[in-house]
Amino acid sequence: MADSHYSNLQERVERAAETALKRNGSVGPLELFQEMSLLQPCHVEGWRKGNEAYRVLQPWIQVGPEKFQKTIRYFQEWVKQRGLRSIEAAHSRRGPGGIEQLHVTEDGDAQWEKFYRTYYTPADLPEKKTARLAAKLNKPPALVVFQKVGDEGNCGECSAPLLTGDFLLMEKGQPICLSCADLDRLVFLPAGDTALSRRSRKHSSLAAVVVRFNRKRKRYVRQGLLVTEEALAKAEEECATDAPARAAARASAALARQEEDREFVSALTQAILQRHPGCLSEEARRIAEHTGCRSSGRVGRSAAGRALDASAVDLAVIAHIRHEHTDYDELLMSGTERLDARVLVREAIDRVLAEWSGV
């Protein structure tokens with residue numbers, strides 16, 4: 001029984017490590033624990049933000065001593081078997097006073113801290129990509145400022161009132177006004193102009209990302225940046241200087257996308273006609289234009305759709321028939337549940353498919 005348990009644990013460790021490596025391009029112990037649900041992402045986020053409740057991270061790794069040792073051993077065996085290359089990174093956060101080093105263990109044990117800072121990546125990863133990955137792993141998270149949306153409160157240091165819409169920094173679990181956080185000299189740049197935001201952040205000696213909690217989406221949404229006035233002025237000057245060139249590049253890219261879309265719609269139309277020769281050419285093109293609409297999220301824009309996979313082509317055709325050749329829309333408008341409506345029109349869809357397929 002015990003051997004079976006540890007065999008299952010080993011499989012779980014290897015599966016989690018492979019998943020994290022594939023998704024991130026690298027994997028370390030903290031990513032492994034998160035993938036195995038032994039460490040919650042919210043705890044890691046609180047730790048990186050300097051929340052006093054997460055001063056160190058190890059107590060939040062929910063695993064007993066024996067299982068912890070087994071997990072580490074299986075992970076190290078997997079790393080050796082895969083022949084991965086190690087990269088040592090820094091655990092740090094960006095605070096108002098500069099870069100602060102973070103610790104995982106209670107006593108800051110050097111050997112264990114190095115273990116947690118070590119990430120693994122494929123040995124055949126090109127040197128340039130390895131260097132970019134190392135830079136990314138060593139880069140401290142951006143300084144985050146919150147725009148207040150909830151009840152009014154007070155600054156944790158000077159007790160100044162914090163009103164809805166005000167900016168604040170969370171420091172050790174306490175809201176701090178921008179004056180106390182030494183960020184009051186920064187100006188707010190709303191999101192929307194990518195070039196201006198990128199250049200302002202590049203030139204700003206101190207910058208922060210502004211986020212606001214969206215109750216409908218139940219997550220924080222980026223609102224813009226706080227940057228120095230000098231950086232914003234320099235960025236605006238640069239953007240004004242090369243605005244014509246960027247406009248021309250956007251126009252050229254738009255034309256390229258239009259040509260790409262025309263070719264895709266033409267190919268999808270032919271794929272529809274091959275699968276369903278009884279469908280009129282004009283109607284097949286309408287199906288292709290609708291399902292292939294860029295950024296629509298429809299099946300034609302999926303990976304399978306772009307590859308003209310037969311199942312994706314059929315799904316696009318069925319969706320068209322459902323709306324254009326049955327009373328599906330009327331059923332929905334009359335209050336019929338979506339799944340029930342689909343069952344009711346299935347026979348009509350099959351009849352049209354039979355006609356178009358020549359069956």
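D182 sits in the loop that links β9 (174-177) and β10 (187-190). In this predicted model, the phi angle of D182 is near 60°, a positive value in a residue that is not glycine. Is D182 buried or exposed? With 54% relative accessibility, D182 counts as exposed, because the cut-off for that word is over 50%.

**Into the core**

Now let's turn to the nonpolar residues. How many residues does the largest nonpolar core have? There are 31, and those with the most contacts inside this core are F33, W47, F75, W78 and Y116. The elements that each give two or more residues to this core are α1 (2-24), α2 (29-35), α3 (41-48), α4 (65-82) and α5 (110-117).

Setting aside neighbours within four places in sequence, W47 is in contact with L30, Y54, R55, V56, L57, H91, L102, H103 and V104.

The table lists two pairs.

| Helix pair | Axis distance | Angle |
|---|---|---|
| α10 (residues 281-291) and α12 (residues 310-324) | within 10 Å | roughly 105° |
| α8 (residues 229-241) and α9 (residues 243-275) | 4 Å | about 60° |

What do these angles tell us about the way the helices are oriented? Angles of 65 to 115 degrees count as roughly perpendicular, so α10 and α12 are roughly perpendicular to each other.

Which residues make the contact between α10 and α12? On the α10 side they are E283, R286, I287 and T291, and they meet A316, V317 and H320 of α12. Sorted by type, the residues of this contact are 3 nonpolar, 2 polar and 2 charged.

For the other pair, C239, A240 and T241 of α8 meet A243, P244 and R246 of α9. Here the contact residues divide into 4 nonpolar, 1 polar and 1 charged.

Definitions and conventions: Residues numbered from 1 in each chain as written. Predicted model: local features only at pLDDT ≥ 70, side-chain atom pairs only at ≥ 80, totals over all residues. Heavy atoms only, no water. Axes fitted to C-alpha atoms, helices over the stretch in contact; angles between N-to-C directions. Parallel < 35°, antiparallel > 145°, perpendicular 65-115°, else oblique. Contact = heavy atoms within 4.5 Å. Nonpolar A, V, L, I, M, F, W, Y, C, P; charged D, E, K, R; others polar. Core = buried A, V, L, I, M, F, W, Y, C linked by side-chain atoms within 4.5 Å. Buried < 20%, exposed > 50% of the residue type's maximum accessible area, 1.4 Å probe, protein only.
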